[in-house]
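Student: Could you take me through this model by question and answer, giving the cut-offs behind each term as we go?

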Amino acid sequence: AARDVAASVAAPILRNLHADAKNAVDGADYDARLGAYETLDARWFSSCPPAAVVPILHHMLHELRGSDMALRHAASAALERFLDAAVEEEEEARRKVTGKDGSGSDGDESDDDESDDDDDDD
């Protein structure tokens with residue numbers, strides 16, 4: 001059942017990533033292809049099952065080796081958004097496990113110098 005969900009999520013994107021112009025013999029439908037790449041934002045990647053993301057990533061990697069500069073650029077930008085989403089998910093998972101905000105501080109603003117001064121009063 002999970003594969004059916006993944007396929008239903010990935011199929012429309014893949015269809016647009018492979019769209020050909022209706023009025024050209026051997027031309028890409030740039031509006032459909034670039035539009036599909038634009039929908040691939042961090043939120044899309046984060047909300048999709050991994051099984052849906054994998055074929056999209058494979059297509060992007062294939063596109064990066066292609067000769068069409070516009071499509072290479074769009075694939076590169078989408079890949080960057082995927083990586084941003086992956087890093088954000090990893091950081092969020094780490095925050096949940098450690099309870100820290102990831103900034104190097106655990107939210108405890110106590111001053112170590114103050115606690116040392118208290119010890120000298122004894």
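Tutor: Let us begin with a definition: a residue is called buried under 20% relative accessible area, exposed over 50%, and partly exposed in between, using a 1.4 Å probe and protein chains only. The model is predicted, so local features need pLDDT of at least 70 and side-chain atom pairs count only at pLDDT 80 or more, while totals for chains, interfaces and linings use all residues. Residues are numbered from 1 along each chain as its sequence is written, and side-chain values use heavy atoms, with hydrogens and water left out.

Student: Is F82 buried, partly exposed or exposed?

Tutor: The class follows from the relative accessible area, with the limits at 20% and 50%. For F82 that area is 22%, which makes the residue partly exposed.

Student: Which residues form one aromatic cluster?

Tutor: Rings of Phe, Tyr and Trp (its six-membered ring) pair if their centres lie within 6.5 Å, and planes under 30 degrees apart count as stacked, over 60 as edge-to-face and the rest as tilted. The whole structure holds 2 aromatic pairs; in one of them the ring centres of W44 and F45 are 5.2 Å apart with the planes at 85°, so that pair is edge-to-face. F45 and F82 also pair edge-to-face, at 5.2 Å centre to centre and 70° between the planes. The aromatic cluster therefore consists of W44, F45 and F82.

Student: Which residues of the largest nonpolar core touch the most other members?

Tutor: A nonpolar core is a set of buried Ala, Val, Leu, Ile, Met, Phe, Trp, Tyr and Cys residues joined through side-chain atoms within 4.5 Å. The largest such core has 20 residues, and α1 (2–17), α2, α3 (42–47), α4 and α5 (69–98) each supply at least two of its residues. Those that touch the most other members are Y37, L40, W44, F45, I56 and M60.

Student: Leaving aside neighbours within four places in sequence, with which residues is L40 in contact?

Tutor: Contact means heavy atoms within 4.5 Å. Once neighbours within four places in sequence are left aside, the partners of L40 are I13, F45, I56, M60, A78 and R81.

Student: With which side chain does the side chain of R33 make a polar contact?

Tutor: R33 sits in helix α2 (residues 30–39) and is buried, its relative accessible area being 12%. A polar contact is a pair of N or O atoms within 3.5 Å; within protein, one must be able to donate a hydrogen and the other to accept it, and residues adjacent in sequence count only if both atoms are side-chain atoms. At 3.2 Å, the partner of the R33 side chain is that of D20.

Key
Helix = DSSP H or I, 4+ residues; strand = E, 2+ residues; numbered from the N terminus.
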